[in-house]
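Please read them alongside the coordinates.

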Amino acid sequence: MIAYIRLEVRKTARDSGYVVMGLAVPVTMYLLFSTLAIPAEARPEGALWSMIGMAAYGALGGVFSNGTGTAEDKSLGWMRQLRLTPISPARVIAGKTATSAIIVVPAIALVLAAGAFVNQVRLEPVQWITVIALLWAGTIPFSLLALGNGYLLSPQNAASANLAGYIGLSVVGGLWFPTTNFPGWLGAAASWSPVNGYANLSWSVAFDHSPDLRSALVLLGWFAVFAGYARFGYLRSGRVV
Amino acid sequence: MSRPIEYGTACPRDGPENTVLSMTNAVVLDDVHKRYRDVTAVAGLSLTVPEGQTLALLGANGAGKSTAIGMLLGVVGPDSGTARLYDRDPRQAVREGRVGAMQQEGGTPPRVTVKELLTFVRACYPGPMPLAEVAATAHITGLERARVDRLSGGQRQRVRFAMALAGDPGLLVLDEPTAALDVRARRDFWAAMRRLTDRGRTIVFATHYLEEADRYADRIVVMGDGRIVAEGTGAEIKEAAALAAGSPLEDAFLALTSKEDWA
């Protein structure tokens, strides 16, 4: 399975979708937001807030591009070829999820490094560690959503669905603009959205020193939904492949 | 003649097959059927391939060759009947690394090099072939560092063959393996196959190149409309079609696969 993960990570690292969506855009947006859009008096807090938002945005870009890559694998016959090699289907899914978990690391690291070294964001060591861990582990539900799209849809449709899901969920989740600025109805919807649950876990650690329980529960709920969706997608793709 | 002569699969004939009949069968399909909505792809196919034999599945497009191969590899579930590889469920045989397969098309991932891909495939099998030997056998030496998705059609076809043999499995199942190859590459391919059969490997390949089936297979199974319309050597098939000796196999093939002639 290590050999499979190695192959998949190489394949993803050379994917321009991943490099742009997961690495280049988030760090660029972060530096633009934090230096141009945030007024000087709000800069320390704003730089911290948008560092977490954009790190989450980059991590999501990584997992959604991985999901789109899965649709590509399907159309190229690579998934079918895998079924003709000794590697088991469960290991293929596990390997694909592990690949997601690996490729989000540079995406998160890049934005956090920009925050720490360019914008002088300061957190206590335990906060850094918790934020990194939550940003990393919190991508798993979205990996499953993106893989489900990849299994179920054609490459073009999966790319569209993943891009729309990625941008839409990021905006509604408050990664770009704080949900406190949203109109009432949208703010209420945002507080139940998966990305808001994901990012709010890290925001609550960074600003209040403890993870928000409600956000954790919202994210866990979505985790169950997306896991069921990915399983459904994989079983269905096995039928038609 | 109102129906084709069925040559029993256990029917021995002179030649190396006699010595392998006592061994395990690599492939046994027992009365398998498969329908896709209104289309019957395979309608009652029984087939036994002893270890060490090279078997050609010959037939026109739509004859049911690919579905038959899908069932013997365990990726297509038969509606009825059973498929066994080495007396196991096909999926288990695949899982144990006893099988190498080449799909009719596709099957290579994007953005990886030939070497990276083959290294992965080799790592999946218990006793893989050394990488240099894989490359030499499949005639891809010198392409190891190239990206698979940037190769020409013929080169990629050879890489797909390399994937099937990289694990050095006992059984190779190849669906139209020479479709995109030019004359010279095709000759190289069959020379490689000869080396594998010399080492006791079992090979099942689908083709609609009659010459290839005649020249390279120990036994030919001609399929039409999802069933076997004849099987045996090229000479036996000609005999079955009651054609004069020396007529091209193509005539036999056309006679055997044309519905009207057998109605």
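1. T179(A) counts as partly exposed because its relative accessibility is 24%, where partly exposed covers the range between buried, under 20% relative accessible area, and exposed, over 50%, with a 1.4 Å probe and protein chains only. T179(A) sits in the loop that links α8 (155-172) and α9 (184-191) of chain A; helices here are DSSP runs of H or I with at least four residues, strands are runs of E with at least two, and both are numbered from the N terminus. Once neighbours within four places in sequence are set aside, T179(A) is in contact with V172(A), G173(A), G174(A), G187(A), A190(A) and N196(A), a contact being heavy atoms within 4.5 Å. For N196(A), the separation from T179(A) is 17 residues in sequence and 8.7 Å in space, taken from C-alpha to C-alpha.

2. On provenance, this is a predicted model, in which local features need pLDDT of at least 70 and side-chain atom pairs count only at pLDDT 80 or more, while totals for chains, interfaces and linings use all residues. Residues are numbered from 1 along each chain as its sequence is written, chains are lettered from A and ligands numbered from 1 in the order in which they are written, and side-chain values use heavy atoms, with hydrogens and water left out.

3. Chain A contains 11 helices and zero strands. Of its 241 residues, 49% are buried, and among the chain A contacts with a separation of 6 or more, 79% are between residues 24 or more positions apart.

4. Helix α1 (residues 2-13) and helix α5 (residues 89-118) of chain A pack with their axes 9 Å apart and at an angle of about 50 degrees, the axes being lines fitted to C-alpha atoms over the stretch in contact, with angles from 0 to 180 degrees between N-to-C directions. That angle makes α1(A) oblique to α5(A), since under 35 degrees counts as roughly parallel, over 145 as roughly antiparallel, 65 to 115 as roughly perpendicular and the rest as oblique. The crossing of α1(A) and α5(A) is right-handed, in that the near helix is turned clockwise from the far one by less than a right angle. The residues of this contact between α1(A) and α5(A) comprise seven nonpolar, three polar and four charged; Ala, Val, Leu, Ile, Met, Phe, Trp, Tyr, Cys and Pro count as nonpolar, Asp, Glu, Lys and Arg as charged, and the others, Gly among them, as polar.

5. In chain B, the axes of helix α4 (residues 114-124) and helix α6 (residues 153-165) come within 9 Å and cross at roughly 20 degrees, and α4(B) and α6(B) are therefore roughly parallel to each other. V114(B), L117(B), L118(B) and V121(B) of α4(B) make the contact with V159(B), A162(B) and M163(B) of α6(B), and by class this contact of α4(B) with α6(B) has seven nonpolar, no polar and no charged residues.

6. Two backbone torsions deserve a look. Q120(A), a residue other than glycine, has a positive phi near 55 degrees and is partly exposed at 45% relative accessibility. Y86(B), also not a glycine, has a positive phi of about 50 degrees; Y86(B) lies in the loop between β4 (80-85) and α3 (90-95) of chain B and is buried, with a relative accessible area of 6%.
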